[in-house]
Structure formats: structure tokens, C-alpha cells
Amino acid sequence: MHATDHTGRPIDAPECARPVRVGLGAPPAARARSLVAARLASCGLLVVTAQGWTQATTAPAARAPDAPSAVAPPTATALPLAGLSAPARVSFDAFDIPLVETATFEDALRVEGFLHARNRFAQMDLMRRHAAGELCELVGPLSVSIDTPRARLQLRKVAKASVDRLSADERRLLDAYVDGVNQGLRSLPKVPAEYALLQLVPAPWTAEDTILVALSMCSMLNDTARIETSVGVAAAALPPELFAYLATPYSSVDCPVVPDATPFTPPPIPGPGVLDTRNRPAAATNDASATTKKDETRGGPSDATSDQTKDQTKGQTKGQTRGQTKDQKKGPAKDDSTDKTKGQTTSGTPGAHAPTSATTNGATGTADDGLALAATWSVEASVDLEGARTAALARLDQIAEGVRAGSNGWVVSGAHTPHGVAILANDMHLPITAPPIWYRASFVYTEGGERRTLDGLTLAGVPGLVTGSNGRVAWGFTNVEGDFIDFVVIEPDPNDPTKYLVPGGSEPFVVEKVTLKPRAVPAQKIEVRRTRYGPIVGNDPSGRPIALRWTALDDGSINLATLDLANAKDVPSALDIAARWRGPQQNVMVAGADGRIGWTISGALPVRTGYSGATPVSWADGTRGWVGYVDDDIATAPSSDGAPATARPARPRVVDPADGFVVTANQRTVPIDVAASIGTLWAAPDRADRIRDLLVERAAEERRGSPGRIDEATCAAIQLDTAVPVLVRWRDAITPILAAAGAEVAADGAPTDRARRLAAIAGTLGAWNGRADTTETAVGLADGIRRRVRRAILAGIAEAAIASMTPPPSDAARTNLLDTISRLPAQDESLLRIVRDQPVHLLPASAASWSAVIEQAALESAASMRKNDELIPWGRLNVSDFGHPLAQAIPALASRFMLPTHEQPGHPGAVRVATPTFSASARMVVAPGRESDGLMQMPGGQSGDPGSPHWADQHAAWRDGRPQPLRPGPAVAILELTPTVDAPTDAKSAPDTGSKTESKTESKTESKTQSNSKSKT
């Protein structure tokens, strides 16, 4: 299929704009495309996460050399668009970034829908279908395993309920957007390339489809329950004091937005009376050690890194394919949350919690009963609510285990800027795909007799601006790593198995049938059981059902309040809007043209009573449950769930902090006494701490008389900072130990071979500048040592804990516990204190000394990082992997649907987050009212068609960290949209597939039926 210009005529992409063909020399990840699941998930769920200062000066924003030199006057085209109140004009610059000029905001959203459909409809379609469990209607039986658990959530029903609860204004604006989408789809001369290849006609867009896209945002961003799986297992297996020490959610480098009343004091290392790894039966020690070695051989950190060296020219591993590896066919790839259970992998699932004691909800047993069953929480393997992150986190585990990536965002008050206007900087980190998640746009319209402007990023499928500026305020997002999902243990009524216990009695399960319609094969029906708390998604170790309680499943869980940000007048009013927005829970940062700044948390924040939410519990007796949400009037009566009333907390908010900065990077943002009510799995504070340090340093220079203040270029440079504080701390702790070992000599006075190798490693680490730049060889070395030492400490503790169990667990349970505990997302600070203090009672039993543990980790890491007797530069390990789901489903098309691979600076622990499949989805800096000086970087391009010259024309600037102007450049094409009578909306008006054999009769009939039914909505 050829790309078309704004008139619909075919055009050919210049050779330089086409993706590089992937040949036999490409990394395995680019060649092994046997499964569609992971990349479909990433395209289906890439949404707002809304996630220093380099030594070199940031290059000024410029169009050259990426933009073609515009010498010819812009070409003009006219098209009809029914429903407009007046003619509209869309000017496209050399990158196809539109400036939409309309009479009203409603008209602007109608045009936005029109443009989304013409450029990104296939992407929108994957997003709605993945959320609803309807991918199989496009790709057939291959995706049934993905669709089944998602269909059980019945998110399309949730979306319909949310549409019904929208305000009249929200529904009016949404309907305008939806109508624009369908007119844009009908206006295409041919279907998008994906449908031509699949020989299908795309189904029209509906209002509920937009809500499904928003629900997919919640699904991807509410991911901390995935980690709770392994946390629950570890909590059940380890002594409470030791678990609390390892898994503390707090750090001495925390930098909450709302400061703590007193600084956090790290807990002491638990003594030998709590656990002594050296004092246990020898047989158990040997057996456990053997299990650990077997596990490492099967896929531990050594193998992960060694695999990377097998194809160093591209930095890929055989296990790092776009699809799923052989081990992943039963479930997501191993990561910090891996939890194997009796042949069913629940890694990545949010519900496989373990009981924290031998007695749980009235079910009693021995300690071993609880521990042996800890890993048998049976939750639907794909009910993981994490979609896009499966593949990304698998890769992340191999490159930087234990470091969680996320988004960065900050606002700087006008007191620190040269122009007195506050600045917003936001770089949202997500799994990277082609096309990119965002679509750039600017709007000019009239509201209340006043001309308004909007500049920023939009999300195909959703009306309005996701993040950007309206000239008065600018807003951005990073994800709140809170706990918004609980798993409720359901107690069946002993007198009637069709019922379950609730406060005051029992009530029947609601049983429904959901139909999956895989393309080209017979439909399949699945049973869904629901409770008042949510759908049943699995069973606990005793066989009791587990229900999913999730904020996103409530009626009205999604609204479109963010549309009001377009007309927010100042920081307080923007924060008010953010507080009533219902969608994924986000840190919302706002910068004002008057120099003011602010922050709050958006979304539904559940208020719990009687329990923490860390592990599944029963709500049957009414003493535990959710009693409402923050901002609800919940203080006077119990909730409908039967839980007792509790005090009403306040939604956190900060306006104009004294130091003039608000920084969020997924870290804990509220004081410790408040944080536990939101969650316990905050991201490490290193990125936020680094950003704040750089801003404070710049402000200090200003106070010392430096002419430089914090401007847009300063913030853009901070976004590209590659310092890795977490690895620097590990380097500083282990380098003296390695240097001492490297100074040892043999009996003849000459250094041993081992000593020479250790001395070389110490020298490399000591000379490292602490940055994850592409040419640095110490990054992978330090990262590998860190992972191995972490794993050794946790495995040694796990072995000792298991060896003390009476009676001993089975071999299968032991293996599972070792694997799970050794991947515990433990606090780096806690593990580093063990390395520094070297307590003998926590030394792995198989090790002679702590020095031996560190030396062995260093030697293994160095061996895995070598090729041709030289350490591999970081850039050859950290190679980008942008791909489209069809490149995975149809390997022969990989070269067409791929973006060129390239070496990347950055690291999950750096401000510039970068892994092969997880990086900045965009980088934006803007001061409201000064949008002409705003900066933007986005990978890929505007078009979703790989044959278009705008498929990848912005990619080089993003790759190289060269900011472009936020606003569109000079127009090279103009689209005049004129009001007209509405066109028919049935399937016959959809664009031609360009194929005489469009699809099998069954699929074709189904598509038409679906199109006709949806067009009525």
C-alpha cells in the first residue's frame, strides 16, 4: 500500500526516509517474530505514564537537517467534514505536524478525530481491542490466550457504563471526536496497511472505544500488583524483621514532594538471632546451593548477560525477542515478580499473593503449609493488567535487574527562570513501538469570545491534549506507583456453593457467558463469575475464589475531565480539574504563565479499612474492605461493600513550594505516614533525587551571581542526563574490595592471574565517569556485578530460611521459593549496607567470605561483557528495538514495519531512561505563553504508515537528543475542511481494501455486522 498526500493521491517515500531493512546480520530480536502477543500488547496499552544536566550544552531547537527545505508554496486541498460549525483549516509543516484552526473547541476535537483516523487508526483499533479482549477478531486464534482473561474483565461493559455517566458537555465533545474519527476513516482512499494485509474492513469507532483506550491506560499503569506477587511469597518465607529490612519502601535519598516531618532512619541489619545463613544443616545447605546453581543455569543473571555477548554487534540476546521465548510460552518472561506454580506461570500477574502467616482468614495449618502453598495462588496468567510491559520488563530484568524505570516530570517556578514564567519538563517513559504512541498537534479555536491555543501531545483514540500548554498553564504527568488493585478472598457459602459470604449473610455469584469470536474459526464461549467486589480471576491455596477489586472496574471509573484543562486559567484551577479527573492515577504537575507551580495526584484513591492491601484477604465479616475514595463523602456511613466507616483523608496538593521546584519520577511523593495508604512499591528515588540536585545546583549558581537561570534549554539538557547514581554507589562500595584482591601476590611475589584480572576490573570501575554513555565499558560491568551480588545475597538468605522450615518443603516448592525470593525487589540501600558491613551471619553458606562473593561476581560479569578480549561498550548492549505488531506476526514484513536500530545512551537508573524496548516516548519542555520557545522530541513520526515519508522523519532528532520546536513549523500543505451534510456510516462506506479477496466469508460478514451495530452508537 502506498502512502497518500492530503488529497488522497499516492506518494512514494524517499529512500532516506524508509526503514532500514533487517537482514541476517540483525539481532535475534529482529529476526525471531513467531508470536504476536507481546507487541500487540505494547501497541494496545502504550499510554500516559505520564514517567542531569549534561556536560555539553543542549543544541538549539532547529528543523535542519531533518526537515526538508521548504521552497515551494504550500499545496491546498479541500475536503468535506460534516458537523463543523464553520470552515476549518489544518496547516501541516514539513514533519506533517498539524496546526488546527477552528471556530470552536468542539470543532477542534472533531478535526482531531479526523486526523487521528487518517494517520493512526490501526493503532487505535489495537488499543480498544486489546482492552476489550477482542484481538482475536483481527488476528485469529493466536490471540485467544490474550483475549480470554481480558474478556473476563468485561471492560467493554465498564466502558459503556462510563459513557452513560459522562456529563452532558463531555458527551457532546466525545461525540464530536467520534464522528470525526469515522469521517476520517471513511475519507481514506484505501484501508490502512494493516487491514490490507489482514484482508479486513476496519470497524467504525464508538464512544465506548475511547473509554476502552483510557481503560488500557489504567491497565498498563496500575502495575504494582505485579510485583506484589513475589513480595507476598517472600513475606511468607522470611522472618518478619528481615523481610521488613530488605523490602522497606523508604530510602535515605527519598525526596517526596510533601516533605517528611523527620528524616527517614534506615532500620538496622537484623542480627543472627533473626536468621543465620551459616547455622543450618549441611545437607540442606548443599541441596539448596545445588538448586540455586541449577536455577542460575536455567536463566539466572549470568546467562542473561552471557547471552548478550552472543551477538554484540547489536546487543541482543536470544531470549530478547520481540515475541515470547520458549520459556515464555506459558506466561510472561521471568522478571523480579516471577512466581512459578505447579506448571502455571503467574509471573507478571497482579494477584498471586501469598499469605503472610500460617493462619490466613481462618484457614489454619503449619508454617510449612503456608510457605509451601505460598506460590500456588492461582490467578489467570494473563490477567496481569500490565500489557505493554511484559516484553519490556523481561529485557529490563536482563539489563538492569532491580531498577524500575518510569517517567520524569518537574516544574520550575518563575522565580528561577529568566523570563519569570514557570517551566514544565516532562519525559514520559514507555515501551517503544512503531508508530510511536503520541501524535503531535497544535490547535487554535475560540472559547467565550477569546482566541485560545493548545500545543502538545495527543493520544490517538482520545479527544483533547494529553500533555502540553494552553498559553496560561502547562501540564504534564508521571505515574503514581500506588496500589489501586486488591484481591479479595471469596468464601463460598457452606450451605450453597452458588453463593458466597458477605457481611451479614450471603449472596449468589453472578454467572455470565462471554463470547470470543476468533477470526476464521468457530466462536468460543467462556464463563465469567462475578461478585460485588469484582470478577473472579483465580483461586487461593485453599481453593477459594479470588475476586479482582480494581478502581478501573467501577461504574464511571473513567471521565473526560482533562478536556477542561484546555481552558484552565491558572495553576489552582488546573489542579482542581486534575483532582476530579478519573483515569489512571497520575502525578499532575502544572506550571503557570504567572510563574506559579503546583502538583496533585489524580484518579480514584481507595480508602481501606482493616488491612493494608498488600496480600489477599477476605472481606466477608465486614471488618476489612474499601470504604470509598479520597474526596468522597465517606465519613458518615459504611460503604456498599459492608466495611465500616473511616475518617476521610485529603487528596495531596502542593502549590508554590518554598524552594520553587516540584519533581516527580515515580518516587514516593508524600510523607511516610501518608504513603502507606497509597502504596508501598514506589520507584527508587534516584532519578528524582538527581533531577532535584541538578535544579538546586543551577539555582545555587544563580545566587552566586551566575547570569544563567533555569531556562528551557537547561531542562532539556537535564532530560538527557546519563549519570547512574545507583551504579555509582555500588561501584564505590565494591571497588576497594576488588582493588585489595587485585594487589594479592603468589608465593613467588608475582600477582596471580586472578589478581591481575581483579585489578583490571577495579581499574575500569575506578576510571568510570558514572555515566551510561554509549562508549563507556564500565556500565555493563558495574550493572552485572550489582545484579550478581544482589542475587547472591537474596539467594543465600532464601536458602537459610527454607532450610529452617519444619517439615522441609518439597523440591518444587523450594525451587520456587528460591527463585522468587532471589528476585525480590529489595531496597538497594539495604543490600549495599550488607555489602559494606559484611555481616558474617548473612554470608551465603557456599561462600568463603564476602570478598569472595564480590570477586566472583566481578569475574563473571567481566567474562560475560568481553568480546575479543575487550569489554563491550554500553551502546552495543543497549540497542533500540522499535517494532510493530505485524513485524512480529509476519516476519517477512519486519523490514517494512521496523524503525532502524541504534545504540542508546542511558539506563533505567538514569534520568535518561533507556533500554532496548523501554525509553522516552517523548521529551517536552514548555513555559506557558512562550510556546514558541517550547521544545519537543518524539521518536518515529506522525504517520502510522511505514510507506509514508513521515513514518520516521522525527526519529533521528529523538535518537540524538536534538530538541525540535514544540509548535509546527512553516506550512507545506493546507487542508481546508468545509461543513457538509453527513455521509452514510455503514460498512460499505469504509475504504476499499484494494484486494479482490478481502477476507473469508465468515470474517467479512462478521465485520459488516459489527460495523453496522457500532455505527448506531
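**View 1. Pro807 sits in the loop between helix H22 (778-803) and helix H23 (811-822)**. Thr806 and Pro807 are joined by a cis peptide bond, with omega about -10°. Helices here are DSSP runs of H or I with at least four residues, strands are E runs of at least two, and both are numbered from the N terminus. This is a predicted model, so to speak: local features need pLDDT of at least 70, side-chain atom pairs count only at pLDDT 80 or more, and totals for chains, interfaces and linings use all residues. Residues are numbered from 1 along each chain as its sequence is written, and side-chain values use heavy atoms, leaving out hydrogens and water.

**View 2. Another cis bond runs from Ala434 to Pro435**. Omega is near 0° for this one, and Pro435 belongs to the loop between strand S10 (423-431) and S11.

**View 3. An open sheet is built from 11 strands**. The order goes S3-S36-S4-S5-S11-S12-S13-S14-S23-S24-S28, with mixed pairing. Strands S3 (75-80) and S28 (653-655) are the edges: each has a single partner strand, so one side of each lacks a neighbour in the sheet. Two strands pair if DSSP finds at least two bridges between them.

**View 4. S5 (residues 98-101) meets S11 (residues 438-447) in the parallel sense**. Three bridges hold the pairing, and Glu101 stands opposite Val444 in S11.

**View 5. Asp96 and Asn868 have positive phi values**. Asp96, in the loop between strand S4 (88-92) and S5, has phi near 70° and is buried at 6% relative accessibility. Asn868, between strands S30 (866-867) and S31 (870-871), has phi of about 55° and is exposed at 69%. Buried means under 20% relative accessible area, exposed over 50%, and partly exposed in between (1.4 Å probe, protein chains only).
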